[in-house]
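Open the model in your viewer and keep the sequence beside it. This tour goes from one selection to the next and says what is there.

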Amino acid sequence: EGLKAFTFKAWMDFKVIERSEREINVALKDSVDKFAAFTAKQAEGAKAVMQRMCGNNDISLIQLTLQGWCEAILEQKREAELEEVNKAKKATVSSFVARNKASAMIASERAAYWQDQELTTYLFCIWKRESKVERMRRYGKERNEKRKKDLVSVKGLFRSFASELESSLKQGTPRIEAAPRRLGQTG
């Protein structure tokens with residue numbers, strides 16, 4: 001019952017993590033799409049400004065080039081920041097998933113261990129019971145055999161006593177005369 005509850009809880013945790021990963025991925029995709037739209041818009045704006053400026057002079061062209069470089073550098077910095085944020089989020093999610101996966105694996109290994117222990121204990125108890133039953137059966141059989149032998153020996157004693165008695169009766173009863181009594185002995 002505990003294993004079922006633990007498995008169900010691990011599955012529910014996994015679903016929550018999976019849902020949060022999906023939300024993070026959707027948010028990441030939205031931010032990438034926004035960034036792409038922003039970059040396209042900036043590029044179009046830069047083109048329009050360049051076309052206006054190109055008609056004027058070389059200084060404005062140099063100024064426009066420097067401005068474009070500055071915008072490109074700022075854009076790269078923003079990209080790097082977004083990438084770092086995304087990497088940090090992915091790292092936290094992946095570490096969370098790894099921890100939960102490891103704890104779920106440890107729990108399943110522990111459950112398997114206890115199932116093995118339960119089976120071993122069950123088999124040991126059956127073996128113990130069977131060995132006791134077999135020992136008692138052997139003991140009872142040996143006891144019965146001993147009683148039979150004792151009975152046979154008692155029967156032999158009775159037979160020999162009966163044959164001796166019969167032979168002595170056929171020979172006659174021997175009479176033993178009573179010994180004279182002494183004074184002071186009571187009998």
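Select R22. With a relative accessible area of 48%, R22 is partly exposed. This is a predicted model.

E18 is partly exposed, at a relative accessible area of 24%. Side chains of opposite charge can pair when their charged atoms come close.

**Zoom out: the whole chain**

Show everything as a cartoon. The protein chain has 2 helices and 0 strands. Helix α1 covers 2-54, and helix α2 covers 58-171.

Switch to a surface. The protein chain exposes about 17000 Å². Carbon and sulfur atoms supply 61% of that area. How much of the chain is buried? Buried residues make up 5% of the 187 residues.

**Second stop: D13 and K9**

Go back to α1 and select D13 with K9. Their side chains meet in a salt bridge, 3.1 Å from N to O. D13 and K9 are 4 residues apart in helix α1, so the separation is about one helical turn. D13 has a relative accessible area of 30%, which means partly exposed. K9 is also partly exposed, with a relative accessible area of 48%.

D13 and K9 are among the residues that line the second largest pocket. The space here is about 230 Å³.

Which helices build the lining? α1 and α2 each supply at least two of its residues. α1 gives the most, with 6 residues. Colour the lining by residue type. It divides into 6 nonpolar, 2 polar and 3 charged residues.

Clear the selection. The largest pocket holds about 280 Å³ of space. Pick Q42, A46, K47, G68 and E71: of the 15 residues that line this pocket, these are the closest to its centre. The elements that give two or more residues to this lining are α1 and α2. The largest share comes from α1, with 8 residues.

Colour this lining by type too. The residues divide into 6 nonpolar, 6 polar and 3 charged.

Move along α2 and select E166 and K170. The two side chains meet in a salt bridge, at 3.6 Å from N to O. E166 and K170 are 4 residues apart in helix α2, so they lie about one helical turn from each other. Is each one exposed or partly exposed? E166 counts as partly exposed, at 45% relative accessibility. K170 counts as exposed, because its relative accessibility is 67% and the cut-off for exposed is over 50%.

To finish, select K15, E18 and R22. Salt bridges that share partners join K15, E18 and R22 into one network. How many salt bridges are there in total? The count comes to 6.

Notes. Residues are numbered from 1 along each chain as its sequence is written. This is a predicted model: local features need pLDDT of at least 70, side-chain atom pairs count only at pLDDT 80 or more; totals for chains, interfaces and linings use all residues. Side-chain values use heavy atoms; hydrogens and water are left out. Buried means under 20% relative accessible area, exposed over 50%, partly exposed in between (1.4 Å probe, protein chains only). Accessible areas come from the Shrake-Rupley method with a 1.4 Å probe; for residues, only the protein chains shown count as cover. On a 1 Å grid over the protein atoms alone, a cavity is a set of points where a 1.4 Å probe fits but cannot get out, and a pocket is an open set with protein on both sides within 12 Å along at least five of seven lines; lining residues have an atom within 4 Å of a point. Grid points are joined across faces, edges and corners, and a volume is the space filled by probe spheres set on the points. Ala, Val, Leu, Ile, Met, Phe, Trp, Tyr, Cys and Pro count as nonpolar, Asp, Glu, Lys and Arg as charged, and the others, Gly among them, as polar. A salt bridge is a side-chain nitrogen of Lys or Arg within 4 Å of a carboxyl oxygen of Asp or Glu.
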